[in-house]
Amino acid sequence: QVQLVESGGGLVQAGGSLRLSCAASGRTFSTSAMGWFRQAPGKEREFVASIKWSSTITYYADSVKGRFTIYRDNAKNTVYLQMNSLKAEDTAAYYCNVVPNIGTPRGLEAWGQGTLVTVSS
C-alpha cells in the first residue's frame, strides 16, 4: 500500500504560480506511473496530469495543457505539479495517486488528504 502526502497549495491571484508536491512511500515509487487529480467544490474529481515512471512521457488534461507541468524525482519519491498562469477555475483540492498507466486516469491507492488551491480573480 502507498501513502500519499500532498502539499504546496495556497491562495494565489489569477495569473500566478504554485508548485505542488506529493511524497509517496510504501511501494516501488520509481517504477509506478503517477497522476495528479483535482476536485472542485460540488464537482467530481477529475484528472489533471500523469507521468510515466521514467519521466519520458507525460499527459495532460486539455484544460491545463500549456500551463501545468508534471515532473518527478524518483530519488526523493516525490512527484510535482508546477502550475502557471492560474485561473479561477483551477480552484480545487489537488490529489496525487498511482495510476495504471499515463493514459488511464484512475487512482490505484487510497487518496491522501489533498492540498487546497484557491485562485482569486
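This structure holds 5 aromatic pairs, where rings of Phe, Tyr and Trp (its six-membered ring) pair if their centres lie within 6.5 Å, and planes under 30 degrees apart count as stacked, over 60 as edge-to-face and the rest as tilted. Before you start clicking: this is a predicted model, in which local features need pLDDT of at least 70, side-chain atom pairs count only at pLDDT 80 or more, and totals for chains, interfaces and linings use all residues. Residues are numbered from 1 along each chain as its sequence is written, and side-chain values use heavy atoms, with hydrogens and water left out.

**Stop 1: the rings**

Select tyrosine 71 and tyrosine 80. Their ring centres are 4.9 Å apart and the planes are at 20°, so this pair is stacked. Tyrosine 71 is partly exposed, at 31% relative accessible area, whereas tyrosine 80 is buried, at 9%. (Buried means under 20% relative accessible area, exposed over 50%, and partly exposed in between, with a 1.4 Å probe and protein chains only.)

Next, pick Phe37, Phe47, Tyr59, Tyr95 and Trp111 together: ring pairs link them into a cluster. The charged end of arginine 45 sits over the tyrosine 95 ring, 4.4 Å from its centre. For a charge to sit over a ring, NZ of Lys or CZ of Arg must be within 6 Å of the ring centre and within 35 degrees of the ring normal. There is another such arginine to look at: arginine 72 lies over the face of phenylalanine 29, at 4.4 Å from the ring centre.

**Stop 2: the sheet around E7**

Go to cartoon view. Strands (E, at least two residues) are DSSP runs, numbered from the N terminus. Look for the open sheet of 4 strands, in the order E1-E3-E8-E7 with antiparallel pairing. Its edge strands are E1 (3–7) and E7 (68–73), each pairing on one side only. Neighbouring strands here are turned by 15° against each other on average, direction ignored; the axes behind that angle are lines fitted to C-alpha atoms, and angles run from 0 to 180 degrees between N-to-C directions.

Zoom in on E7 and E8 (residues 78–83), which pair in the antiparallel sense over 6 bridges. Two strands count as paired if DSSP finds at least two bridges between them. Strands of a sheet pair through backbone hydrogen bonds, either parallel or antiparallel. Across the pairing, arginine 72 stands opposite valine 79, and aspartate 73 has threonine 78 as its bridge partner.

Colour E7 by face. Phe68, Ile70 and Arg72 make up its covered face, and Thr69, Tyr71 and Asp73 the uncovered one.

**Stop 3: the turn, and another positive phi**

Follow E7 into its hairpin with E8, which has 4 residues between the strands. Lysine 76 is in this loop, and is exposed, with a relative accessible area of 56%. Asparagine 77 lies in the loop too. Check its backbone: phi is near 50°, a positive value in a residue other than glycine. Asparagine 77 is partly exposed, at 26% relative accessible area.

Now jump to serine 55, in the loop between strand E5 (46–51) and strand E6 (58–60). Serine 55 has a positive phi of about 70° although it is not a glycine, and is partly exposed, at 36% relative accessible area.

**Stop 4**

For the way across, draw a distance from lysine 76 to glycine 114: they are 38 residues apart in sequence and 19 Å apart in space, C-alpha to C-alpha.

Then select threonine 115, in strand E10 (residues 115–120). Is threonine 115 buried or exposed? With a relative accessible area of 8%, threonine 115 is buried. Its side chain reaches the backbone nitrogen of glycine 9 at 2.9 Å. Show everything in contact (heavy atoms within 4.5 Å): leaving aside neighbours within four places in sequence, you get Glu6, Ser7, Gly8, Gly9, Leu20, Ala92, Ala93 and Tyr94.

Finish with the partners of E10. Strand E2 (residues 10–13) pairs with E10 in the parallel sense over 4 bridges, with glycine 10 opposite valine 117. Strand E9 (residues 92–99) pairs with E10 in the antiparallel sense over 3 bridges, and there valine 117 is the bridge partner of alanine 92.

Note on methods
Polar contact = N/O pair within 3.5 Å; in protein donor to acceptor, adjacent residues only side chain to side chain.
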